[in-house]
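The following exercises are to be worked through with the sequence and the model at hand. Each task is followed by a solution in steps.

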Amino acid sequence: MTIHTLKKKVSIVVSSVPLFFKLFVFTIIISAQSSLADSSSSSVPSLLSDKQQSLKICSLNMNNFGAKPVARDNTKITKAKNTKKENQNTSKKKELFSEKQAVQLKALVERVKNVDCDIVALQEGYGKTTNVVKNNIAKFVTALTSATKIPYRYELARTNDKYIRNAFVYKEKIGIVSFKNLYRAAVPRLNPESSSRRFPRGPLAMEVNLSQNIFATPRKLYLLNYHLKSKVGGWKDMSELDFELNRIETAEAIRNIADDVRKNDTSKVIILLGDRNSDTGSATDDVLNGRLYLNDFKDVCKIEKRDLNSYCAGFEKHSPIFIGSIFKKLGPVGLARSYKYKNKYYLYDEIYIDNYHSYLVKDAGTYGEFGKGSDHLLTWIEIK
């Protein structure tokens, strides 16, 4: 019943009753109006509070998830007894491989579930063919959806590497998404006479328009998932820099791609994330965040062999374009680390955000145990 209807019905009755009763009825009507007004106004903040107030963005190196088979099926054995023995050994090895993969899968799923990632950039999905990697990532997504009771989807990157690929995994509800493979993008060279090259592991770009029905503050996001060359086999590097020159060239290409997006639309939140394979303060870090450009290493700056950091005598580095959120949060307390090697800790898995939107970072951190599921920790940021 509306207030208007209530007033009309009461006015018919009160016309024939004493004055004190009229005053009593009038008080009831005023109270009803106040109550309805309060009810109406309180519904607005209630609707807003039902919406998601922040977004969790994560990065996870899966440590060759779906790794190399430990046994081959095409071994030729001439003697029958050797064939029987080989088949038994192969069967045992396959069982051990399956058990190991199941344990790794569970540990990786637990990381993403416990942090409650809305979007995860994955590195090192492993397989000899695209279909094999797809099956492995699909298995991860199925297990994650089952564990969280939340539908997740994935997109797999193309690659120039024989075995490993990047991918994005994301909650189905987050909004409208699109992807762009960048594996064919050219990588600039420090020496212009060097032959041209492309990304060893194809970066994957993801654009997101956050759903207005889910998020209190819908935003436009551009995320770039990368995986730079590791230091494995560094003895082959003629410069004796563990492939740091390779990484700064690749970092220049990544930053340029992201910076072009930033310049074209400053309202987009630009995020760079993945496995840098080089520590905070390194030359690669400086090039990714924009404190140095590749050309600065032609004349002014050099890379020190002892720590792979950049040193530029008498040269002031540029203001950063992208801010490392993990180091900013955990560096001051000595916990900015995501990779462990020979009892030393490194921050390889930084998550950068463009300097226009760095104020949006509400929190940041790492999660997991070294060697449990991966040799890297999961890194994450939460943005408002």
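**Exercise 1: Salt bridges**

E304 counts as partly exposed, at 22% relative accessibility; buried means under 20% relative accessible area, exposed over 50%, and partly exposed in between (1.4 Å probe, protein chains only). The model is predicted, so local features need pLDDT of at least 70 and side-chain atom pairs count only at pLDDT 80 or more, while totals for chains, interfaces and linings use all residues. Residues are numbered from 1 along each chain as its sequence is written, and side-chain values use heavy atoms, with hydrogens and water left out.

Solution. 

1. A salt bridge requires a side-chain nitrogen of Lys or Arg within 4 Å of a carboxyl oxygen of Asp or Glu.
2. The search of the whole structure gives 17 salt bridges.
3. Helices (H or I, at least four residues) and strands (E, at least two) are DSSP runs, numbered from the N terminus.
4. K171 is buried at 3% relative accessibility, whereas D116 is partly exposed at 38%.
5. K317 lies in the loop between β12 (310–312) and β13, and D286 in helix α6 (residues 283–289), so the pair ties together parts 31 residues apart in sequence.
6. Here K317 is partly exposed, at 23%, and D286 is buried, at 2%.
7. Through shared partners, salt bridges join D116, D118 and K171 into one network.

**Exercise 2: Aromatic pairs**

Task: Classify the ring pair of Y345 and F370 and that of Y346 and Y348.

Solution. 

1. Rings of Phe, Tyr and Trp (its six-membered ring) pair if their centres lie within 6.5 Å; planes under 30 degrees apart count as stacked, over 60 as edge-to-face and the rest as tilted. The structure contains 6 aromatic pairs.
2. For Y345 and F370, the centres are 5.7 Å apart and the planes stand at 45 degrees, so the pair is tilted.
3. Y345 lies in strand β15 (residues 344–346) and F370 in the loop between β17 (361–367) and β18 (378–383), so the pair connects parts 25 residues apart in sequence. Y345 is partly exposed at 37%, and F370 is partly exposed at 29%.
4. For Y346 and Y348, the centres are 5.5 Å apart and the planes stand at 35 degrees, so this pair is also tilted. Y346 is buried at 19%, and Y348 is buried at 4%.
5. One aromatic cluster is formed by F168, Y170 and F179.

**Exercise 3: Charges over rings**

Task: Which rings have the charges of K229 and R262 over them?

Solution. 

1. The criterion is NZ of Lys or CZ of Arg within 6 Å of the ring centre and within 35 degrees of the ring normal.
2. K229 lies over the face of F243, at 4.5 Å from the ring centre.
3. The charged end of R262 sits over the ring of Y356, at 4.8 Å from its centre.
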